[in-house]
Each structure stands twice: as C-alpha cells, then as structure tokens.
Amino acid sequence: MSDSSDNTKIGDPGGLAEMLCGDQRLRWQQGQRFTVEAYSEHYPELRSDATAQRALVAGEISLRREAGETLDAAEYRKRFPHLGEWLAERFSSLEPNTSRDDSSHDDDFARPWPALPGFEIHGEIGRGGMGVVYKARQAKLNRLVALKMLIGGPGASAKAVKRFRAEAEAVAQLQHPHIVQIFDIIEHDGQLFLSLEYLGGGNLAKQIGGKPQPPRQAAEYVRSLARAMQFAHERGIVHRDLKPSNILLTDDGVPKITDFGLAKRLDAETSTTKTGAVLGTPDYMSPEQAEGRSREVGPPTDVYSLGAILYDLLTGQPPFRHEALVKVLDAVRFHKPRPPREVCREVPRELDAICLKCLEKEPARRYGSAGELAEDLNRFMNGEMRPPGFWDRVRAWFGKR
C-alpha cells in the first residue's frame with residue numbers, strides 16, 4: 001500500500017458525488033452535520049463540478065427538511081452564488097416554512113409522489129444516491145410493495161440507468177430468505193421502477209441507533225447476512241455496499257439485504273466503475289475500495305463490510321469514526337481498528353476475534369469466504385468456539401509436562 005496522503009484520488013466524479021451524498025446522509029443520522037463546504041474542502045474538484053455540487057446541495061436541503069427546519073433561500077444564494085438560477089428555480093416550488101413532514105421531495109427537494117398505474121403510493125420510506133423508495137400497494141394483487149424509483153426520470157444518465165437495471169438483474173438471481181426479493185421492473189413515461197418485497201421493521205442502522213446490541217443477537221444477525229452473501233458470491237455477485245442502512249428488518253426482526261445498486265458481477269465485468277473510482281460508504285468499505293483498487297474487489301470485500309457491521313452492532317459505532325471523510329478513508333487504508341472489547345467490555349473474546357479477522361487490511365488475511373465467517377459465528381452461538389489463544393495455551397501446558 002502507498003503512504004497516506006491528505007488528498008484522496010477519485011477516478012469517477014459521478015461516483016464521488018454519489019458516495020458523498022450517501023456519506024452526508026449517514027453522518028447527519030449520526031449527529032455530524034457535514035455541510036457541502038466541508039466536502040469541497042477535502043475534494044477541490046467538486047468546486048468545478050456543478051452537477052456534483054447541485055447533488056450535494058440538494059441532499060443537504062433534503063436533510064434539513066427532514067429535520068423540520070425552515071429553509072432560507074437567501075442563505076443558499078449567499079453560500080452558492082454560482083448556483084443562483086438553479087436555486088431560485090428549486091426554491092420557487094417550496095411553500096414558505098415548509099418541512100419534509102409530507103415526504104414529498106426528491107433530489108430536487110420538491111417533487112410530488114410519482115403516479116404509476118396499478119400502484120397506490122403511501123409515502124417515502126428511504127433513499128440512496130441513485131433511487132428513492134416508496135411504500136405502495138399493488139392493486140392487482142392487493143399487497144404492499146417497496147417501489148424504488150430511479151432519480152432523474154427520463155433525464156437520468158445512461159450510467160445510472162445501467163446500474164439500476166443491473167441491480168434488478170442481480171436481485172432477480174438471488175432467491176434467498178435473507179435477501180429482499182424483486183417482483184418486477186417497470187418502465188412508465190420514461191421513468192424506471194423496481195417493485196420489491198416490502199419489509200415493515202425499519203433498517204438495522206435505526207435499530208443500532210448508536211447503542212451496542214446484545215452480542216448473541218449481533219452474531220445471529222451477521223450469521224444470517226453472511227449466509228446470504230455466500231449464496232450471492234456462489235452466483236458471482238458481490239454487493240460492494242453492505243452497511244446497516246442496507247439491512248432491512250421484517251416485523252419479526254429477520255434481517256434482509258437490499259440495495260444491490262453497486263453490485264459487481266464476477267463472471268463478466270458489467271460494472272461501470274473505472275479503476276481508481278471509490279464507491280461505497282466509507283465507514284463500512286474495505287481498504288481495497290478506499291484505495292480505488294476496483295479490480296481487487298471480490299467476496300473478501302463483502303466479508304470486510306460484514307465485519308464492520310458486526311463491529312457496529314457490538315459497539316454502537318463503525319470501526320473508524322472521524323469528523324473528516326478523508327480521515328475515515330485514510331484510517332480504513334492504514335490504521336488498525338480499536339478492538340471491540342476495548343470499546344465495550346461486554347463483547348466476548350470470541351466475537352472480538354471474529355470481528356477483527358474480518359477487518360484485516362489484506363483480503364487474504366480475512367475469512368476465505370462469507371460461509372466460513374457464518375460457520376465461526378455458528379460455532380460461537382453453539383458454544384463450540386474457543387477463545388483466541390486457547391490451543392496455544394494447551395500446547396504450552398503439555399510442553400511443560
């Protein structure tokens with residue numbers, strides 16, 4: 001690995017904007033109010049990329065609306081004078097002093113719910129860098145579904161459309177009890193939708209809420225997720241963006257993986273990601289992702305992210321937590337995480353060891369597969385796994401006799 005530096009190189013400007021929008025939402029949820037200017041400070045190339053700036057500004061305004069804050073158009077015109085015309089157009093569609101209590105915005109932060117024949121939209125339930133998800137009822141089958149809409153409509157980029165369709169193709173191959181199922185892909189008036197299984201239990205990020213979870217429950221969650229990813233890997237699909245907010249829960253608390261928008265096919269390179277591009281969520285991405293080594297991304301990448309999720313479950317926080325995004329990326333690449341047991345003494349030694357093995361910097365030093373990780377977690381839950389160093393102590397004892 002190369003030495004750490006203050007500037008992270010991103011090979012794909014569109015990918016950078018997508019990553020930062022996701023990171024901004026995550027950090028606001030964690031109580032860290034990152035502004036657009038904070039990202040521009042670390043990524044000077046954003047200042048000359050109007051599309052990326054608009055995406056980040058729209059994301060910040062959406063987050064403030066979700067928090068129920070009153071928006072001041074003059075504040076944003078002062079902060080971003082070069083976006084004056086665009087801001088005027090967007091703010092003109094907002095009612096004075098409105099907030100996002102009606103869930104009626106998209107990346108342009110003021111757009112009504114979509115109209116799709118055969119579906120009754122009930123409200124927005126989530127969004128990512130590429131799509132917004134609505135709770136809807138499918139009239140013909142009288143069932144609730146999660147309706148994912150590609151942001152941008154007919155004007156969406158060819159790359160975004162390709163990723164959206166790739167997600168549908170990936171999920172369609174993965175019929176597994178711990179992966180959210182796809183029902184259909186629909187095109188209407190130039191707008192793409194995915195009809196997906198609806199889960200009413202929220203997501204794992206909200207359940208964690210910054211608080212350590214019971215160790216056995218944490219192990220059970222990640223064991224289920226690891227088995228699901230082993231199933232996906234055996235079918236040549238790597239998720240590349242596993243994180244608590246992408247783990248949905250049923251009403252009974254069963255975890256299911258969603259959002260395969262950044263999935264990579266191992267049997268054929270269908271990804272639009274360039275070498276050197278950094279895509280994913282920094283708090284949960286692997287060192288090879290943080291360094292833009294996209295050709296090295298494979299099943300061990302998802303194993304790392306599963307370890308980061310386990311760390312979050314055990315301690316209430318991701319392995320590396322810094323105020324500056326660039327510091328997170330540097331920590332992922334060059335620093336060892338603090339052992340979970342040092343953060344939370346209730347973490348069993350066995351789980352501490354399992355978690356740290358997942359978080360090894362070099363892929364070859366992690367579990368050989370998600371299935372092996374699931375097996376170790378199963379041994380822990382059955383009381384069959386010995387604490388780290390147990391057999392070394394046994395051999396040393398016999399050696400003294």
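Analyst: Let's start with a word you'll need a lot: buried means under 20% relative accessible area, exposed means over 50%, and partly exposed is in between, using a 1.4 Å probe and protein chains only. One caution: this is a predicted model, where local features need pLDDT of at least 70, side-chain atom pairs count only at pLDDT 80 or more, and totals for chains, interfaces and linings use all residues. Residues are numbered from 1 along each chain as its sequence is written, and side-chain values use heavy atoms, with hydrogens and water left out.

User: Okay, what share of the chain's residues count as buried?

Analyst: Of its 401 residues, 53% count as buried.

User: And how many helices and strands are there?

Analyst: Both are DSSP runs numbered from the N terminus: helices are H or I with at least four residues, strands are E with at least two. Here you get 15 helices and 9 strands.

User: How does the length of helix α10 check out against its 17 residues?

Analyst: The expected span is 1.5 Å times one less than the number of residues. For α10, residues 299-315, that should be 24 Å, and the end C-alpha atoms are 25 Å apart, which agrees. Also, 15 of its 17 residues are buried, so α10 is largely enclosed by the rest of the structure. Just after α10 comes Gly316, with a positive phi of about 85°.

User: How many residues of strand β5 are buried?

Analyst: In β5, residues 191-197, the count is 7 of 7, so this strand is largely enclosed by the rest of the structure.

User: Which strands pair with β5, and in what sense?

Analyst: Two strands pair if DSSP finds at least two bridges between them. Strand β3 (residues 143-150) pairs with β5 in the antiparallel sense over 5 bridges, and Leu147 has Ser195 of β5 as its bridge partner. Strand β4 (residues 182-188) is antiparallel to β5 too, over 6 bridges. There, Ile186 stands opposite Phe193 of β5.

User: What lies between β4 and β5?

Analyst: The two strands form a hairpin with 2 residues between them. Asp189 sits in that loop, and its phi is near 55°, a positive value in a residue other than glycine. At 65% relative accessible area, Asp189 is exposed. You'll find Asp259 in the loop between β8 (255-257) and β9 (264-265).

User: Back in β5, is Glu197 buried or exposed?

Analyst: Glu197 belongs to strand β5, and with a relative accessible area of 17% it is buried.

User: What joins the side chains of Glu197 and Lys256?

Analyst: A polar contact of 2.7 Å. That term means a pair of N or O atoms within 3.5 Å; within protein, one must be able to donate a hydrogen and the other to accept it, and residues adjacent in sequence count only if both atoms are side-chain atoms. Leaving aside neighbours within four places in sequence, Glu197 also has contacts that include Ala146, Ile179 and Phe183.

User: Where is Ala374, and what does it touch?

Analyst: Ala374 is in helix α14, residues 370-381, and counts as buried at 4% relative accessibility. Not counting residues up to four places away in sequence, Ala374 touches Arg223, Ala226 and Arg227. Gln230 is 144 residues from Ala374 in sequence, yet their C-alpha atoms are 8.8 Å apart.

User: Last one: is Pro282 buried or exposed?

Analyst: Pro282 is buried, at 0% relative accessible area. Look for it in the loop between β9 and α9 (287-290). Its C-alpha atom is 7.9 Å from that of Val332, which is 50 residues away along the chain.

Terms used:
Contact means heavy atoms within 4.5 Å.
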